[in-house]
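Open the model in a viewer and keep the selection panel at hand. The stops below go from charged pairs to helix packing and end at a strand.

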Amino acid sequence: MPSYLEKRSIRYPIFGLMGITVVLLGLLAYYNWLLSILGFILFFPPFYYIFKVNAMQKKETEEYITTLSYRVKKVGEEALLEMPIGIMLINDEYFIEWTNPFLASCFDEDTLVGRSLYDVGDLLIPLIKQEVETEIITLHDRKFRVILKLEERLLYFFDVTEQTEIEKMYQEERTVLSIIFLDNYDDLTQGMDDQTRSSMNNVVTSILNKWAVDNGVFLKRVSSERFIAVYNEQILQQLEKGKFTILDEVRETTSKHNIPLTLSIGVGTGVSSLPELGVLAQSSLDLALGRGGDQVAIKQTNGKVKFFGGKTNPVEKRTRVRARVIAHALKELITESDKVIIMGHKNPDMDAIGAAIGIQKIAEMNKRDGYIVVNFQEIDTGIQRLMGEIQKKEELFAKFISPAQALELATEDTLLVVVDTHKPSMVIEEKLINRLEHVVVIDHHRRAEEFIKNPLLVYMEPYASSTAELVTELLEYQPKNGKVEMLEATALLAGIIVDTKSFSLRTGSRTFDAASYLRSLGADTVLVQKFLKEDVETYIKRSKVIENVYFYREGIAIAKGQPDEEYSQVLIAQTADTLLTMDGVIASFVISKRSEYTVGISARSLGDVNVQVIMENLEGGGHLTNAATQLSDVSLDEVEERLQNVIDEYMEGRKKA
């Protein structure tokens, strides 16, 4: 509290008033000294009183400050020693120089002075070395938030054990919503009598009810093939540790009753909003079903998905329902991405390019940019003709990019869609698969051992004629935000025609439905034939390879190219197709040099011989009736001998079976 006279706003007027009074009294003494003396007598007491009061107040202020300083010092000492906050001073060698009693009590010690941090708290060493300003660590079964003041070599310890336990309790008690779906319920119950169907329902319901009771799950059946399960995060963690054994239990139990029933479970977690949980659960279920069922999908808030189960081979169902489910899941993945990059296999054919154009259109319909990766140095004449037509459409041609451009465009939120292959070694740019986490695989080939790791969505239908057919079905279930152009529909139709050999092989009713839909969009069959035309030189070259054909076994034809001549993959594939049209041929194999150090085999069959299995034994793969392989550092004769041995093993195995 400052003295009044020490304030300039008060001090200057008072001193001025005193000076003026003295001057006036001095002038008055010149005329009347009696009045002047009287004025001095009257003037002195008030000014004396003012100075006396000011002196008293100044003394009181000093006493107050002294007392306050003592109290503050005492409180500071008590706070330092008694407050429930740990304080520690260390030296450069990590020895403790001083701690307050609270911190010593936390370590169950009378004093920590002189002890090394390596002995009493080695978790603090990395924190100090890395200069972490604040961190939560565990010391003697207690959680502490440690704040580091590096310059002072000072550490503060705040006990947050109760806070951490409350946070953990909150996390564990958060609601989790799951949708449990009986994958093939409709297929199994078709043609069942009521008694058998009721018995199957009782078996499944009893298994699920027991699982729910054992794990503290609320379970409610909402339809013949769908259940809703409600539980919390803690229970979910326990189920994850157990790898959701309910999948195995249902599968194994129903198999004993000759009813191969499986489950798919979509889990919604990580958010407090119940509607959002429902959306996440349904989205997760769509992903699980899209991957073949018999598994659990948990969509996390960071966008990543965890999968459990999937131990059985998916039952391939050619139904509109599956196509709709996949289309819905693909739509969600596209809308959650910033852009879509589409990539086929090396040396792409009409099916790969057509399917890629279809996916690009799907991305466009969902208001996302789609880019197709193409290596223009690795395309055959048919694709060159298609690209010539595409170049006339500047907007579409701008969507075709090189592998290098794709790597530049790729971000963490980019969705990669791989079409017409599922092998990382077969794609145009394998670096894209390694860089991007969000990958979708759409293919019509049978799954081989080599497979893209952890794709978000897999749509593989080995019984489909082509990938273009699958993409066409997906296209039908997309938002009608843009018209499919004639050239886009024609490219898809070309993919179907090439892979079915003009609807003569691997053609089902769905194939004609897809072709009919594309024709209604304006697909030009004459333009397709223009793409598929071949030049005379290629025809003659193919004919020369066919001249060398021989029958190794009954119905199995093998042709071999010239050892000093290299052939394109397209040419040997066309040669194998041509051989298959010959009378008495049920399977054809064409062997030729692809490059200086590589020999390729193209295999075709009418379905009686599984050429995929034969090619897999030669490091290749493909489809039941359409497969291929490439072998390095071997001669044509060596490859021919190996092929004959594998055919012998295959045919002998068929006889034993």
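How many salt bridges does the count come to? In this predicted model, the count comes to 22 salt bridges.

**Stop 1: Lys361 and Glu488**

Select Lys361 and Glu488 and show their side chains, which meet in a salt bridge with an N to O distance of 3.6 Å. Lys361 belongs to helix H13 (residues 350-365) and Glu488 to helix H19 (residues 486-499), so this pair ties together parts that are 127 residues apart in sequence. Is Lys361 buried or exposed? Lys361 has a relative accessibility of 4% and therefore counts as buried. Glu488 is buried too, with a relative accessible area of 6%.

**Stop 2: helices H13 and H19**

Two packed helices are described by the angle between their axes and the distance between the axes. For H13 and H19, the angle is about 145 degrees and the axes are 8 Å apart. Their crossing is left-handed. On the H13 side, colour Met350, Asp351, Gly354, Ala355, Ile357, Gly358, Gln360 and Lys361; on the H19 side, colour Glu488, Ala491, Leu492, Ala494, Gly495, Val498 and Asp499. By type, the contact of H13 with H19 divides into 7 nonpolar, 4 polar and 4 charged residues.

**Stop 3: Lys530 and Glu389**

Next, select Lys530 and Glu389, whose side chains form a salt bridge at 3.2 Å, N to O. Lys530 sits in helix H21 (residues 525-532) and Glu389 in helix H14 (residues 381-391), so the pair ties together parts that are 141 residues apart in sequence. Lys530 counts as partly exposed, at 41% relative accessibility, whereas Glu389 counts as buried, at 15%.

**Stop 4: Lys560 and Asp637**

Move on to Lys560, which makes a salt bridge with Asp637; their closest N and O atoms are 2.9 Å apart. Here a strand is linked to a helix: Lys560 is in strand E19 (residues 556-560) and Asp637 in helix H25 (residues 636-656), 77 residues apart. At 21% relative accessibility, Lys560 counts as partly exposed, because buried means under 20%. For a case with shared partners, select Arg142, Asp159 and Glu162, which salt bridges join into one network.

**Stop 5: helices H18 and H20**

Now select residues 467-476, helix H18, and residues 509-520, helix H20. Their axes come within 9 Å of each other and cross at roughly 60 degrees, which means that H18 is oblique to H20. The crossing is left-handed. H18 contributes Glu469, Thr472, Glu473, Leu475 and Glu476 to the contact, and H20 contributes Arg510, Thr511, Ala514, Tyr517 and Leu518. These contact residues comprise 4 nonpolar, 2 polar and 4 charged ones.

**Stop 6: Val440**

Finish at Val440, in strand E16 (residues 438-443). With 1% relative accessibility, Val440 counts as buried. Which residues does Val440 touch, not counting those up to four places away in sequence? Select Leu330, Leu333, Leu415, Leu416, Val417, Val418 and Leu457 to show these neighbours of Val440. For one of them, Leu333, the C-alpha atom is separated from that of Val440 by 8.9 Å, and the two residues are 107 residues apart along the chain.

Definitions and conventions
Residues are numbered from 1 along each chain as its sequence is written. This is a predicted model: local features need pLDDT of at least 70, side-chain atom pairs count only at pLDDT 80 or more; totals for chains, interfaces and linings use all residues. Side-chain values use heavy atoms; hydrogens and water are left out. Axes are lines fitted to C-alpha atoms, for helices over the stretch in contact, and angles run from 0 to 180 degrees between N-to-C directions. Helices (H or I, at least four residues) and strands (E, at least two) are DSSP runs, numbered from the N terminus. Angles under 35 degrees count as roughly parallel, over 145 as roughly antiparallel, 65 to 115 as roughly perpendicular and the rest as oblique. A crossing is left-handed if the near helix is turned anticlockwise from the far one by less than a right angle, and right-handed if clockwise. Contact means heavy atoms within 4.5 Å. Ala, Val, Leu, Ile, Met, Phe, Trp, Tyr, Cys and Pro count as nonpolar, Asp, Glu, Lys and Arg as charged, and the others, Gly among them, as polar. A salt bridge is a side-chain nitrogen of Lys or Arg within 4 Å of a carboxyl oxygen of Asp or Glu. Buried means under 20% relative accessible area, exposed over 50%, partly exposed in between (1.4 Å probe, protein chains only).
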